[in-house]
Amino acid sequence: MKPPKFDYHAPKTVDEALALLTRYDGEAKILAGGQSLMPLLNFRLSRPAALVDLNRIPTLAYIKEVDGSVRFGAMTRQRAIEFSPVVAKRLPLLTEATRWVGHLPIRTRGTIGGSIAHADPSAEYPAVLTALDGEVVARGPKGERVLKPRDFFHTYLTTSLAADEILTEVRLPATPAGAGFAFEEFSRRHGDFAIIGIAAVIVREGSRCTMARLATAGAGPIPVRLRAAEEILEREGLGDEAIARAAAKAQELVQPDGDIHASADYRRHLTGVLTGRAVKRALTKVAR
Amino acid sequence: MTNKSLTGPNRGYACGHLYFETEGMMDRLAEKLGLDPAEVRRRNLIPPAELPYRTPTGGYYDSGDYPKTLQMALDMARYDELRRVQKTARAAGKYFGIGLALAVDPSVSNMGYVATALDPQFRAKPEYLPKSGATESATVKVDPLGRVIAILGTTPQGQGHQTIVSQIIADELGLKPQDITVVDEMDTFTRVWSISSGTYSSRFGSVGTSAAALAARKLRAKLVEYAAHLMDVPANDVEFNDGAVRLKRGKGPSYTVKDLAGRAHWNTESLPDGMEPGLQATAVFGFTVAKAVDAEDRVNSSNTYGFIAEVMAVEVDPDTAQITIVRYVTVHDAGTIINPMIVEGQIYGGALHGLGGALYEELRYDDDGQFLTGSFMDYLVPTASEAPTIEIAHLSSPSPLTTLGSKGLGESSSMTVPAVIANAVSDALTPLGVRITELPMTPDRLWRSIREAREKKDS
């Protein structure tokens, strides 16, 4: 199908974009890479009065290191992140997760801000944001808000962003040097949304696990930080038994919904399996 | 009453279901007899000396070497080595399986089979009109400019009729394929057509090509006769070669197709007495083996019968139910192959189509009958990323029934892939006692079977 009729605006600055959002009073949608919004429009599942296209705002695309964290302009393309040396060094988990995002043509258009603002719980970037406990910056007419994942993701495709706000930046704390990381995912076909994905970061000192970060994709209405499973690793170390216990705990922590591609039971089971695999593979990458 | 979708013919019309069952039965038989699945099949194949072979239900298998086709597939897949790999993998706790699937690949349905829907008593009544036949037509003409044009009565959807017909006509007339213009459109007012006309049932490679070649031969005979008349020699003394008619022996003039076209169209007086003016020929090819259903419900439901032998090796991850195709070999005997590249494309497409049915494609409804898979976001089909490496080989047992010895191959592996992958997965999961009895094998379904089998084993 073709999308329903809409007004189209391509502002050159964030302020112009914000003014447009205010003008349309909740009836406008923001267009970033368009990899989710355009299909929704074509299916006529979304019928906004106007699109505010952020692609002509050059200041929204950047990757920079600030005080131990990496900041991404919302319009930074996934393909740029995939090949960024800064990301490879500071956030190797994100580099790996990016390879799971759709297909190459999708990544050349798709953006980090778009993926996170769209809040599809089976997408990779919301899981990484949750695992690393990063922040998003929302700018509105009254100024900026900085939000943590737990305050940002509400439910399927729903966030705390107000209709007159734009997600302008994503901040992810750099992973400590020598940390292990892995993104494990199971999908029906290459490039499909995850049935289950697990983001994992492990910091080991001697035989101890000093930091574990685990989060899900696809296991419920929002990405789930698996804190109780992380605690098992931080308490009991990184032996096979501890990992198995953490994986079993992960399975208990999620309440996935079933759909035509996977039942809730199967998703819960996969959460455990992939948590175990993610931790084990992350361990192989810990610097000795 | 239902609001669920109706069913209809798809590629490999009903054969995918049939071979899924029959090839699954062969494996159960092998298991029961303690024989290798390859051996059970080998022992039960129709030997080449018995072809053409009349089946109990009336089928007439025109040509083939089934044991050799199977052997080629086994050799290509290095079957014995795969079995050794499997042994090692099993010892290491892995689920590695090898599947086989053999299939007769029928093409060109005989209109006679539709009458099997009526009972024999009804068909015995005097007012009943029997049905039979499988025909296709083609016209080849040379216009006054010397352009060679073939006119078909079929509308392909990418099967390459223009390509192969230009090849065939060029071969018959000693021209180059690019010299031939092929019109592949259908209009019942302007085309020669009949009951069975059309592009379906893998027809064109068998019946369509036969009509095209026959039309070209008829036209060639006319060109030869005309040129001999111009040279004032008997037609036996000249031959058609490299797009021109020449004396077989000795020196003399030669006449190209273009030259003959100009003369014949501009000067009808130059034609021999009794020759019809114009340079065109229409051929309607029909199979004599396409007979009506008999009193015992026996019918030769198709006309040419190819053969397929496939081997697939898979590894199944028992924890995620992920199936990984490790090796896939497919050997086809479609008689004379007219265009290897098109044949390869058909096999790739057929195999992926079969993979779709085996792993992905399904019309799903919720409990209220609401359709859930109404777009390609939800109705999954395999993409290039899901395509395994496909190793293809051919054997050629020309059909004695077609002009060029060719048979259809358009549906090909869409029939065998559901069987071969289900057998491979069942073989992989033998240690758990899981046998695939339902398609598509979605990861969720497969995981459930594995879980139930493990629970049963533990209890």
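This is a predicted model: local features need pLDDT of at least 70, side-chain atom pairs count only at pLDDT 80 or more; totals for chains, interfaces and linings use all residues.
1. As for where the domains run, the assignment puts 15-110 + 300-458 of chain B in domain 1, while domain 2 takes 135-286. They do touch: 18 residues from domain 1 of chain B and 20 residues from domain 2 of chain B take part in the contact.

2. On to how much gets covered up. Between domain 1 and domain 2 of chain B, about 1400 Å² is buried, and carbon and sulfur atoms give 54% of that area. On the domain 1 side, look at B:V108, B:I338 and B:T403: together they supply 39% of the area that domain 1 buries against domain 2, more than any other three residues.

3. What about polar links? You'll find 10 residue pairs in polar contact between domain 1 and domain 2 of chain B, with both residues at pLDDT 80 or more. The side of domain 1 that touches domain 2 is made up of six nonpolar, 10 polar and two charged residues. For salt bridges between the two domains of chain B, the count is zero.

4. Now step back to the chain as a whole. Chain B has 11 helices and 13 strands, and its C-alpha atoms fill a box of roughly 95 × 55 × 45 Å along the principal axes.

5. Last, burial and contacts. Chain B has 459 residues, and 52% of them count as buried. Take the contacts in chain B between residues at least 6 apart in sequence: 72% of these join residues at least 24 apart.

Notes. Residues are numbered from 1 along each chain as its sequence is written. Chains are lettered from A and ligands numbered from 1 in the order in which they are written. Side-chain values use heavy atoms; hydrogens and water are left out. Domain bounds come from an automatic or database domain assignment. Contact means heavy atoms within 4.5 Å. Buried area is the accessible area (1.4 Å probe) that two parts lose on being put together, summed over both. A salt bridge is a side-chain nitrogen of Lys or Arg within 4 Å of a carboxyl oxygen of Asp or Glu. A polar contact is a pair of N or O atoms within 3.5 Å; within protein, one must be able to donate a hydrogen and the other to accept it, and residues adjacent in sequence count only if both atoms are side-chain atoms. Ala, Val, Leu, Ile, Met, Phe, Trp, Tyr, Cys and Pro count as nonpolar, Asp, Glu, Lys and Arg as charged, and the others, Gly among them, as polar. Helices (H or I, at least four residues) and strands (E, at least two) are DSSP runs, numbered from the N terminus. Buried means under 20% relative accessible area, exposed over 50%, partly exposed in between (1.4 Å probe, protein chains only).
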